[in-house]
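Hello,

Here is the structure I promised to pass on to you. My notes on what turned up in it follow below.

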Amino acid sequence: MQHWARRLEQEIDGVMRIFGGVQQLREIYKDNRNLFEVQENEPQKLVEKVAGDIESLLDRKVQALKRLADAAENFQKAHRWQDNIKEEDILYYDAKADAELDDPESEDVERGSKVSTLRLDFVEDSNFKNKVNYSYTAVQIPTDIYKGSTVILNELNWTEALENVFIENRRQDPTLLWQVFGSATGVTRYYPATPWRAPKKIDLYDVRRRPWYIQGASSPKDMVIIVDVSGSVSGLTLKLMKTSVCEMLDTLSDDDYVNVASFNEKAQPVSCFTHLVQANVRNKKVFKEAVQGMVAKGTTGYKAGFEYAFDQLQNSNITRANCNKVIMMFTDGGEDRVQDVFEKYNWPNRTVRVFTFSVGQHNYDVTPLQWMACANKGYYFEIPSIGAIRINTQEYLDVLGRPMVLAGKEAKQVQWTNVYEDALGLGLVVTGTLPVFNLTQDGPGEKKNQLILGVMGIDVALNDIKRLTPNYTLGANGYVFAIDLNGYVLLHPNLKPQTTNFREPVTLDFLDAELEDENKEEIRRSMIDGNKGHKQIRTLVKSLDERYVDEVVRNYTWVPIRSTNYSLGLVLPPYSTFYLQANLSDQILQVKYFEFLLPSSFESEGHVFIAPREYCKDLNASDNNTEFLKNFIELMEKVTPDSKQCNNFLLHNLILDTGITQQLVERVWRDQDLNTYSLLAVFAATDGGITRVFPNKAAEDWTENPEPFNASFYRRSLDNHGYVFKPPHQDALLRPLELENDTVGILVSTAVELSLGGRTLRPAVVGVKLDLEAWAEKFKVLASNRTHQDQPQKCGPSSHCEMDCEVNNEDLLCVLIDDGGFLVLSNQNHQWDQVGRFFSEVDANLMLALYNNSFYTRKESYDYQAACAPQPPGNLGAAPRGVFVPTIADFLNLAWWTSAAAWSLFQQLLYGLIYHSWFQADPAEAEGSPEARESSCVMKQTQYYFGSVNASYNAIIDCGNCSRLFHAQRLTNTNLLFVVAEKPLCSQCEAGRLLQKETHSDGPEQCELVQRPRYRRGPHICFDYNATEDTSDCGRGASFPPSLGVLVSLQLLLLLGLPPRPQPQVHAHASRRV
């Protein structure tokens, strides 16, 4: 077998030396040494420059934010409250007006709204990816808030003055994107004006639930939610509580920590989490699922619930927010005030705020619940029906914002958010936030107002930050990344969410964006701590197509981005320390090389694909490379490579590489007969963006990415020494390859390494495309006991000659498998159409043996950015989701009609008439997601790579009654494993099967992960206490007993289908009227 292996190695090396042209390309580069310079990437200088540029970009937004916040506070302070203000008195552009007018069932059409809505003209703006009007602001008001209420009209009145400040900000900084004021009343005023992106169903957007607003409105929280599940809490009330808890969880960000428990006589956590955990997306999902399993039974025991909550908050042996401490209690009512518990745990300092929620319709005395909240610096809320849940589960933020307001200027600090999806179509953004405070006083000498007016925000698109990073000088495998205090990536080439949820930020941890190891954990910790650093590590990286894993060397360099919570990192392979910069000052040479880009030259010089890069501002992009090349040529006929509107570095390198690869055709390829060695094509790809495929006809079957930096073969060739084989990609679920002559090929590529004056770099990759069928036949001959001229001689167990892979193919299986475990070649004709498949799908028993004998190592990881088809709904009934449906017996029972359940149901049904799609709205659709076909999910990925065994190896596969001998050997200077094995003789050998295909997963067990949380740091400021805080405003609810007369009237309205005019939402904070 070793003899066969040497023959295979020699054949591969011979073909690559003759046709690959590695040595000849080196000589061409040296011959053209006067046409380029070798530049150095200095990591420390690079990363500091980029960090400084990002800091400057964000600082300009900070100045605009401060101007807006100061102006807003002054405008509101000067505003005179109007009790008698009317809708027709206010003129503004309602961002949802056009959509509502087009919808005959919208609330304003039904109400006959009197609001004077401006009708604006819009122009397309590529920066906003939207139609905008720069002369006006737009206003968005949540669907469940009445536009005509006095509070809202006054808010619209004073915020109108912000329009001029928005416009002046843009005059000073034309790069500004959305400028937004999110009011604590729910009103959003943003600039420039653009129509609201109306969802297919109900619009549930409320600025107070956006990640940026929550982060700006209060300091981090440690929250314990306790839910009364005693026997009196049943049916609709329990469902309201479950929904309320889920909505409450949505008000928490990754800076917060939370736990949820249920209680009756005893308290217990609803999930597997036994202590406070970070309120990240995955943990909140666990809570939401667990809450649905709560069952009502037993008697109410407030003492058990509160003692559990205080114990949770006093646990100092865990990671937590260490700022606001909050207990949220949901109950249907009770008599016990548990004063002894508060005296023991919370008085006299009252460091824990208690918020109480009376849920459902009932006639209980709510005084004890009010007292608990008022005695512990909290607030009391009532949630009688589903319509009150959203507003009353977010109002607590105003109370937590009091210390921030009272802190004044000290609290006026800009914070930058996690990455999230912009609601108006900008894509992924980060937002700078600044709280806006109420500066009014109730009277001369009165206490300072302690209400937060809202949050000012300015968006920065991630693409604008990316433009500040070096694009193509870092090589195909170099990149810049940035993380925040949670370790979440702000920039990273692997940050590619397939779907985005408007309600949640995009939180991809650095250790999930890359393959985690101890070195990267150290780097992440150092970056979070705001340190500078540099480290060279040996680590694993996934290939671009996520089929392979390579062990590589990388240099990490990092610095903090001053005045932000971000840290910037630079990753460079050693071979990317230097790069080429073309210097084509000779215009005659420019023209000569440019002519080799013209399609008229392709027949003789081979087909050229050019990377779709931003060579010039006026260059029209296209996904079709032929069309893109046409656009490029047309533009180059109008401008020169030295034009100011073009990227001279990219253009000069592109034209230089066009000439250099043409010289490779001239010196090597044109005079060779590819058919002699059964080659379909030869090719060269370069850092400059050229991929030249010879002959021209081979381009018809060329499927690799025209951007070399995005081509898997290119990036893997740079990271691996020797020849890298890449069989055609085959999915196990798809039909086998359709083998036709000159169509199916196997890529073999290798990097071209230059050494110029002691500086080493890899500016290009060359290779060949093997004809699969011809090389499968050649493989059998090379792994046989004859030369090309000899006639095959069949050997058997009784003969004196050795068996081989050609004549004994009925007894022997001979295969070449690549380093990812994919079949490359086989001596079995029936396996040729399985080339490219994971070998376990071809011979599960043999692949398992190779793995068990350390020829392969497995790497498992999770993709948290995948998109999956939505799961079909489990309940296909017609009843609205989550709503109590009375029986016929209930309808016939007069007592039922006067019950709290009937009253609550009527409120929901009326709500549903006005917003008829409320109950059916899928969260993703309701929040405005353009497509409901896919949803975010977790996929488990498994890759295999070569293990520790390098030498030749024999082993026996024991199958019980029979056994199977195999021999395996690595082919030097390639990524191939040569395996010769006896064919399986008995079915018992088909026991185990290794899986490589990506599979749907719930991810790692969250209950275990929270026991070893990843390192993070919260914001460096905390406002949870102020001695001057007035806690007297703590909620004064009043029950609303149903009357038979009102119920009958409501029933008539239901029958007639005429919904009543909604009354202004009664906010707990009446003191907003100032």
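A polar contact here is a pair of N or O atoms within 3.5 Å, and within protein one of them must be able to donate a hydrogen and the other to accept it. Please keep in mind that this is a predicted model.

With that cut-off in hand, let's begin at Asn 1026. The side chains of Asn 1026 and Thr 1028 are joined by a polar contact of 2.5 Å. Asn 1026 sits in the loop between α31 (1006-1009) and α32 (1044-1056). Is Asn 1026 buried or exposed? Its relative accessible area is 18%, and the cut-off for buried is under 20%, so Asn 1026 counts as buried. Setting aside residues up to four places away in sequence, Asn 1026 touches Pro 403, Leu 406 and Ala 407. Ala 407 is 619 residues from Asn 1026 in sequence, yet the two C-alpha atoms are 7.4 Å apart in space.

Now for the chain as a whole. The protein chain has 32 helices and 39 strands. Of its 1074 residues, 59% are buried. Taking contacts between residues at least 6 apart in sequence, 74% join residues at least 24 apart. The accessible surface is about 44900 Å², and carbon and sulfur atoms account for 48% of that.

Two other asparagines are worth a look. Asn 477 is in the loop between α17 (462-466) and β20 (479-483). With a relative accessible area of 6%, Asn 477 is buried. Its side chain makes a polar contact of 2.8 Å with the side chain of Tyr 575. Beyond its neighbours within four places in sequence, Asn 477 is in contact with Arg 554, Val 571, Pro 573, Tyr 575, Arg 715, Leu 718 and Asp 719.

Asn 283 belongs to helix α10 and is buried, at a relative accessible area of 3%. A polar atom of the Asn 283 side chain lies 2.8 Å from the backbone oxygen of Gln 278. Neighbours within four places in sequence aside, the contacts of Asn 283 are Phe 273, Val 277, Gln 278, Gln 1006 and Val 1010.

Helix α10 (residues 281-291) also meets helix α9 (residues 236-249): their axes come within 9 Å and cross at roughly 175°. The two helices are therefore roughly antiparallel to each other. On the α9 side the contact is made by Lys 242, Val 245, Cys 246 and Leu 249, and on the α10 side by Lys 284, Phe 287, Lys 288 and Val 291. Those residues divide into five nonpolar, no polar and three charged.

Next, which residues of helix α24 are buried? They are Ser 712, Phe 713, Tyr 714, Arg 716, Ser 717, Leu 718 and Asp 719. That makes seven of the eight residues of α24 (residues 712-719), so the helix is largely enclosed by the rest of the structure. The cover over its buried residues includes β22 (533-542), β23 (549-560), β27 (679-686), β29 (724-726), β30 (745-756) and β31 (759-771). Leu 718 and Asp 719 are also among the contacts of Asn 477.

Helix α25 (residues 772-782) is largely enclosed as well, because eight of its 11 residues are buried. Trp 775, Phe 779 and Leu 782 are among them. The N-terminal end of α25 is capped by Asp 771, which has a side-chain oxygen 3.2 Å from the backbone nitrogen of Glu 773.

Apart from residues up to four places away in sequence, Val 949 touches Asn 853, Ser 854, Phe 855 and Arg 970. Val 949 and Phe 855 are 94 residues apart in sequence and 5.5 Å apart in space, C-alpha to C-alpha.

Key. Residues are numbered from 1 along each chain as its sequence is written. This is a predicted model: local features need pLDDT of at least 70, side-chain atom pairs count only at pLDDT 80 or more; totals for chains, interfaces and linings use all residues. Side-chain values use heavy atoms; hydrogens and water are left out. Helices (H or I, at least four residues) and strands (E, at least two) are DSSP runs, numbered from the N terminus. Buried means under 20% relative accessible area, exposed over 50%, partly exposed in between (1.4 Å probe, protein chains only). Contact means heavy atoms within 4.5 Å. Accessible areas come from the Shrake-Rupley method with a 1.4 Å probe; for residues, only the protein chains shown count as cover. Axes are lines fitted to C-alpha atoms, for helices over the stretch in contact, and angles run from 0 to 180 degrees between N-to-C directions. Angles under 35 degrees count as roughly parallel, over 145 as roughly antiparallel, 65 to 115 as roughly perpendicular and the rest as oblique. Ala, Val, Leu, Ile, Met, Phe, Trp, Tyr, Cys and Pro count as nonpolar, Asp, Glu, Lys and Arg as charged, and the others, Gly among them, as polar.
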